[in-house]
Amino acid sequence: MHHLFRLVLGQKDLSRAGDLFSLDDSEIEDSLTEALEQIKLISSSSDYQTNNNDQAVVEICITRITTAIRETESIEKHAKALVGLWDSCLEHNLRPSGKDEDTPHAKIASDIMSCILQNYDRPPVMALAIPIAVKFLHRGNKELCRNMSNYLSLAAITKADLLADHTEVIVKSIIQVW
């Protein structure tokens with residue numbers, strides 16, 4: 001892993017997290033999968049929900065990682081780690097608080113969702129993502145569900161057969177909303 005990712009994620013050093021944006025995308029591209037795995041560990045810790053520093057570090061790192069993936073067009077290389085982090089969000093509360101403020105894991109899920117599902121025209125990525133995507137439809141977060149529905153409709157246009165096994169879950173989520 002790039003030494004700056006190691007420092008920022010290893011020490012949860014918020015003061016250095018912004019420095020990740022000064023690095024060239026190609027300089028960190030080989031570190032992204034390992035960084036995603038480290039983020040998964042941090043976000044799975046018992047105090048993550050209440051630790052504002054860890055949440056800020058994770059948010060900045062995810063933004064940097066998803067930007068690098070987009071700019072280097074390396075989604076296929078990092079899809080498994082992205083989907084793994086995304087899937088881990090399902091183990092946590094995703095329902096917004098009373099003020100419609102997303103939970104920390106809903107924020108991660110939203111950022112990862114857009115990075116993965118913007119690649120709806122890449123069947124290998126969608127084959128990994130769709131089984132996880134449909135699980136978010138029943139997690140009580142209307143905004144995530146609405147965005148997921150939009151992305152799934154795009155995926156259906158380009159590769160409908162990937163959604164065929166999940167038709168019942170998708171239809172139930174539509175009925176539940178209405």
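**Exercise 1.** How far apart are the mean positions of the positive and negative charges of the protein chain?

*Solution.* Begin with what is counted: Lys and Arg are positive and Asp and Glu negative, while His and the chain ends are not counted. Next, place each charge at NZ of Lys, CZ of Arg, CG of Asp or CD of Glu. The 18 positive and 26 negative charges then have mean positions 5 Å apart.

This is a predicted model, in which local features need pLDDT of at least 70 and side-chain atom pairs count only at pLDDT 80 or more, whereas totals for chains, interfaces and linings use all residues. Residues are numbered from 1 along each chain as its sequence is written, and side-chain values use heavy atoms, leaving out hydrogens and water.

**Exercise 2.** Describe the secondary structure of the protein chain.

*Solution.* Take helices as DSSP runs of H or I with at least four residues, and strands as runs of E with at least two, numbered from the N terminus. The protein chain then has ten helices and zero strands.

**Exercise 3.** Find the residues at the centre of the contacts within the largest nonpolar core.

*Solution.* First, buried means under 20% relative accessible area with a 1.4 Å probe, protein chains only, and 43% of the 178 residues count as buried. A nonpolar core joins buried Ala, Val, Leu, Ile, Met, Phe, Trp, Tyr and Cys residues through side-chain atoms within 4.5 Å. The largest has 55 residues, of which F5, W86, I116, L117, F136 and M148 touch the most other members. Elements giving two or more residues to this core include α1 (3–10) and α9 (142–159).

Finally, with contact meaning heavy atoms within 4.5 Å, F136 touches, beyond its neighbours within four places in sequence, residues including W86, L144 and M148.

Methods: Buried < 20%, exposed > 50% of the residue type's maximum accessible area, 1.4 Å probe, protein only.
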